[in-house]
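Have a look at the model first, then read on.

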Amino acid sequence: MNILNVDHSFHIGEQHRKIGKPCQDYALSGLLDEQTAYAIVSDGCSSGGMTDIGARLVALATRRALTELHIKNGFPAKDEHVSAINKLRDSYLEDYRRVLDLTHKDLLATCLWAVANKDMAFAHATGDGMIALQYEDELFLESFEWAKNMPFYPAYKIGNMVDSFKNVLADEPEPFTDILESTSPTGMGGIPDGFLSTHDVATGMRGVGTWWAIHNTDCSGNLQTIALFSDGVKQVREMSYQTVAAGLLAFKSTTGAFAVRRMNRFLKDIEKIGGSPIDDIAFAVIHIADKNKPT
Amino acid sequence: MDNSQTMDDFAIGSGFSFTGATIDELGATEYTLVTIALDESGSISGYETQISDMLTEAIKACNKSARSNNLMVRTIRFGSQYRSRNGNGVDELHGFKTLAEIDLNSYPKLNGGGATPLCDAVYSGVGAMNAYAKSLQDMDFDVNGITFVITDGGENASTASMKMVKDSLTESIKGEVMESHVSVLIGIDTGYSDDKDNLETFQRETGMTQFIWAGDASKGKLAKLAAFVSQSISSTSVALGTGGPSQNILATI
């Protein structure tokens, strides 16, 4: 029997703390029903407007879309379900903007979301950030990066800013990069750098979505944790992002505020060696506990 | 006692043990551990009800704290009558559990009898807190603690030595097992003995943080003591995360 535990945490980085700006990362997690969990991470653009609010609205709009379409479609098992979720999210985001009299610049924030049940997991990324998949015997990291550090935001679409976005990246034929790697030295067939694939603007704008089976018969074992990270995971002083991700996923228990506990302790521990998050950092986690297996 | 929260057994050493909620099942990010140790020696006879009421009032007041979800309380009583059964003079009413899990109606009636194993009480109180706090810390929880030992008389019947008590108190304030720990020895006058000086000496020699003489064990005084205990718990919990202990506790009740 699988039991789903969810939690999320976000923390301000040095840069924003020093200049008195708010944390522009946000995360949410919860259950869509007793057997389906979700996780969401949104990272507001530093050069945007009030993107601390934007990141929260993106996360809240995503949650609303996930909740409503879960009732209608169940687990997002098809491309059209995924597209419908992103479309409804954008629609709610625009509604929120109007009600709050915000500009589209205020909404410039990434959107990573994941859904899991006892059999399947799915994650989708618009913008930059990282998805971590912790199997019993191996940790996979999938990073999304944009040229010029200019990720695509859902708000570009609803604010009719897509052409401007494309123009800025016009000299970059494949500005969107997807890197899949394993932290195990023997993982990914022994290829330490993993697989790197570059894509055109249109592909990046659509975002990347992937399905995984929870029960895995290969040497990695079953999928235990799906975690979404903002790109702050790659900007921690004195530490590689692989170490940061592995450290943040080293949960001592998975009850209640387990991600908050891990984040708090991790930041406290790395402070002793001069480590600290330069950028804001957020992560949201779905942990799948197999109650039939001894811990 | 109400055992709906799963409890685990822990050993302190030298034959002392305690119980605490299964750490895997705890959900908050941080906890303030509270131990309340009540003297049940013969000299409290006639005051059992007032002392019991003081305990329940203190716990009830903690429930009103904004930090109530972050409190875990262990309650023990001490008297030499428990030595034959437990190997020391301490009887655990319940181990560390969250406030919501404490059933105040299930507290047994106190029944004064026997001598005063004060060292056993402090050693059990602080030793258990050290051990449980370390286990919580190892599981990413932030922890601090406060221990109250309420007695009307000095040490005369312990299996634990003064050195054991001192060592456990020293460990509790090193900052290694918990962020901070305050230990308060509270003397009450039940008319059989006026042990204020003895208790003051005990506090000084063991290194307990504070000694408070509450005076006569009247209903009014014990009500004030209950308020003092709950307020001290609340301020200790508020201080968690600041790196230091709570503000100085008022020296009079």
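Let's start with the helices. In this predicted model, helix α1 (residues 48-63) of chain B packs against helix α6 (residues 219-239) of chain B at an angle of about 30°, and their axes are 8 Å apart. The crossing of α1(B) and α6(B) is right-handed.

Which residues make the contact? From α1(B) come Gln50(B), Ile51(B), Met54(B), Glu57(B), Ala58(B), Ala61(B) and Cys62(B), while α6(B) brings in Lys219(B), Leu222(B), Leu225(B), Ala226(B), Val229(B), Ser230(B) and Ile233(B). Sorted by class, the contact of α1(B) with α6(B) has ten nonpolar residues, plus two polar and two charged ones.

Now over to chain A and its strands. Strand β5 (residues 120-126) of chain A is mostly covered, with six of its seven residues buried. β5(A) pairs with β4(A) and also with β10(A). Here's how the two pairings look:

| Pair | Sense | Bridges | Facing residues |
|---|---|---|---|
| β4(A) (residues 111-116) and β5(A) | antiparallel | six | Ala114(A) and Ala123(A) |
| β5(A) and β10(A) (residues 208-213) | antiparallel | six | His124(A) and Gly209(A) |

Technical notes. Residues numbered from 1 in each chain as written. Chains lettered and ligands numbered in written order. Predicted model: local features only at pLDDT ≥ 70, side-chain atom pairs only at ≥ 80, totals over all residues. Heavy atoms only, no water. Buried < 20%, exposed > 50% of the residue type's maximum accessible area, 1.4 Å probe, protein only. Helix = DSSP H or I, 4+ residues; strand = E, 2+ residues; numbered from the N terminus. Pairing = 2+ DSSP bridges. Axes fitted to C-alpha atoms, helices over the stretch in contact; angles between N-to-C directions. Left-handed = near helix turned anticlockwise from the far one by under 90°. Contact = heavy atoms within 4.5 Å. Nonpolar A, V, L, I, M, F, W, Y, C, P; charged D, E, K, R; others polar.
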